[in-house]
Amino acid sequence: MSLTIQSVSTELLRVPLQQRTITDSQSTVTDVEFLQVTLRTNEGVTGYGMNWSYTTGLRAAQVMIDENYVPVLLGQDAILRKELVRKMFFSNHFVGRVGAARVGIAAVEFAMWDLACKAVGLPLWKYLGACRTDIKAYSTDGGWLSWSEDDLVRDAVRLIERGFDAVKIKLGRPDPREDYQRIAAVRRAVGPKIRIMTDVNCAWSLATARYWGAKLADHDVYWLEEPMPPEDVLSHAELQRAIPIPVAVGETLFTKQSFRDYIVSGGVGIVQADATKLLGIDEWLEVAALASAYNLPVIPHTNVQQKLHVQLAAATPAALMVENCYESLNEMWEEPIYVKNGWYTLPQEPGVGLRIRPAVIQAHRIG
Ligand SMILES: [Mg+2]
């Protein structure tokens, strides 16, 4: 059996978040953009992939797919995925070796994995070979920087009542003393057993991260995420040597070599690889293997791509849990997954599971 690609189509949509406007230290998020890629084959099997961005920017990835990658893909066997990814990458590497170029390739790569899984009738995690049948979730849905301290505490308590035992809180207010007080308030409200993660979204200097990162240990913070710009590996390594809390990075690292540099230099304690930023699932698995060789936990970054990362985590012994965020968008997927009592249950449908419902595409399509 071959999976010859007969057509490639892309659809760009912008979906509003049905909740209060949210902010972290860098972004105000009112909408999420999605780029759906559809691969049709001569065997009648159809593969779906997607990628995402906040509010705007994916049109660049769509143009790269339509102009550069479609000629690479048409008439080719999707099982030769790794070779096709290499060809797509070099088709426009003078324009973008990272960023939109990779985001577009990843969307196509997921669709090729979807075809492979459907051809054998297995969900991704079973196709890969699994080490678990469910996985713990932690929630980011209540910890936004724009929340008042009262709202922050109320949301943390609400999430714990629903069964979560781990919540993430955004940091990066103009005065870090405020961040510290907000974490102290959440810790007082939730008690000692709940895990509290923190996320700075790259806003701090090394001096700020050293001082306040160390102070966060007063409240038993489980990790400090993206304290500084991701390009600055050396500062992260210096920070990780100086503070007792694990430093978490990965959501803005686009290459396995970036992860290698972080891991070898000691700049990362929690590996948050995200297949939507890498060249797809194959490169994610390489990063996960590298992390495992260094005895580092892998806790994938997700916001809308939980279905994908829950399955990758199920096939990765070093994965401890998976992020949960933007639950208001769950219903846009053809086959959504949900968290119950703080745990994800793995999907049973064949494929990767990134198909957006046609009615949602129709309602929100912008390109
Ligand atoms: Mg983050």
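User: How many salt bridges does a search of the whole structure find?

Analyst: The search returns 22 salt bridges over the whole structure. Please keep in mind that this is a predicted model.

User: Let us take E283. Which residue is its salt-bridge partner, and at what N and O distance?

Analyst: The partner of E283 is R102, with the closest N and O atoms 2.9 Å apart. This pair links distant parts of the chain, since E283 is in helix α10 (residues 281-293) and R102 is in helix α3, 181 residues apart.

User: Are E283 and R102 buried or exposed?

Analyst: E283 and R102 are both buried.

User: And D199, what does its side chain meet in a salt bridge?

Analyst: The side chain of D199 meets that of K170, with an N to O distance of 2.8 Å. Here too the pair links distant parts of the chain: D199 belongs to strand β8 (residues 195-199) and K170 to strand β7 (residues 166-170), 29 residues apart. Both residues, D199 and K170, are buried.

User: What about R177?

Analyst: R177 forms a salt bridge with D175, and their closest N and O atoms are 3.1 Å apart. D175 has a relative accessible area of 27%, so D175 is classed as partly exposed.

User: Changing topic: what does the domain assignment give for the protein chain?

Analyst: The assignment gives domain 1 as 5-122 + 356-364 and domain 2 as 126-345. Taken over C-alpha atoms, the centres of domain 1 and domain 2 are separated by 24 Å.

User: How many residues of each domain are in contact with the other?

Analyst: In domain 1, 40 residues are in contact with 41 residues of domain 2. The area buried between the two domains is about 3,400 Å², and carbon and sulfur atoms give 65% of that area.

User: Which residues of domain 1 lose the most area to domain 2?

Analyst: Those are W52, R102 and W113, which together account for 19% of what the domain 1 side buries. R102 is also the salt-bridge partner of E283.

User: How many salt bridges and polar contacts are there between domain 1 and domain 2?

Analyst: The count between the domains is 2 salt bridges. The rule for polar contacts finds 15 residue pairs across the interface, with both residues at pLDDT 80 or more.

User: Which secondary-structure elements supply the side of domain 1 that touches domain 2?

Analyst: At least two residues each come from β1 (5-16), β2 (22-23), β4 (31-41), β5 (46-54), α2 (81-91), α3 (100-120) and α12 (358-364). The largest share, 10 residues, comes from α3. By class, this side of domain 1 has 25 nonpolar, 8 polar and 7 charged residues.

User: And R81, what does its side chain meet?

Analyst: The side chains of R81 and D282 meet in a salt bridge, at 2.7 Å from N to O.

User: Now some single residues. Where is A61 found, and what does it touch?

Analyst: A61 is found in helix α1 (residues 59-73). Leaving aside residues up to four places away in sequence, A61 touches L35, A100, V103 and G104.

User: Why does A61 count as buried?

Analyst: Its relative accessibility is 1%, and buried means under 20%. As a distance reference, the C-alpha atoms of A61 and K340 are separated by 35 Å, the two residues being 279 residues apart along the chain.

User: Is H219 buried or exposed?

Analyst: H219 is buried, with a relative accessible area of 14%. H219 lies in the loop between α7 (206-215) and β9 (221-225). Not counting residues up to four places away in sequence, H219 touches Y180, I183, A184 and R187.

User: Last topic: what is phi for N201 and for C202?

Analyst: Phi of N201 is near 50°, a positive value in a residue other than glycine. For C202, phi is near 75°, again positive in a residue other than glycine.

User: Where do N201 and C202 lie?

Analyst: N201 lies in the loop between β8 and α7, and C202 is found in the loop between β8 and α7 as well. N201 has 6% relative accessibility and therefore counts as buried.

Definitions and conventions: Residues are numbered from 1 along each chain as its sequence is written. This is a predicted model: local features need pLDDT of at least 70, side-chain atom pairs count only at pLDDT 80 or more; totals for chains, interfaces and linings use all residues. Side-chain values use heavy atoms; hydrogens and water are left out. Domain bounds come from an automatic or database domain assignment. Contact means heavy atoms within 4.5 Å. Buried area is the accessible area (1.4 Å probe) that two parts lose on being put together, summed over both. A salt bridge is a side-chain nitrogen of Lys or Arg within 4 Å of a carboxyl oxygen of Asp or Glu. A polar contact is a pair of N or O atoms within 3.5 Å; within protein, one must be able to donate a hydrogen and the other to accept it, and residues adjacent in sequence count only if both atoms are side-chain atoms. Helices (H or I, at least four residues) and strands (E, at least two) are DSSP runs, numbered from the N terminus. Ala, Val, Leu, Ile, Met, Phe, Trp, Tyr, Cys and Pro count as nonpolar, Asp, Glu, Lys and Arg as charged, and the others, Gly among them, as polar. Buried means under 20% relative accessible area, exposed over 50%, partly exposed in between (1.4 Å probe, protein chains only).
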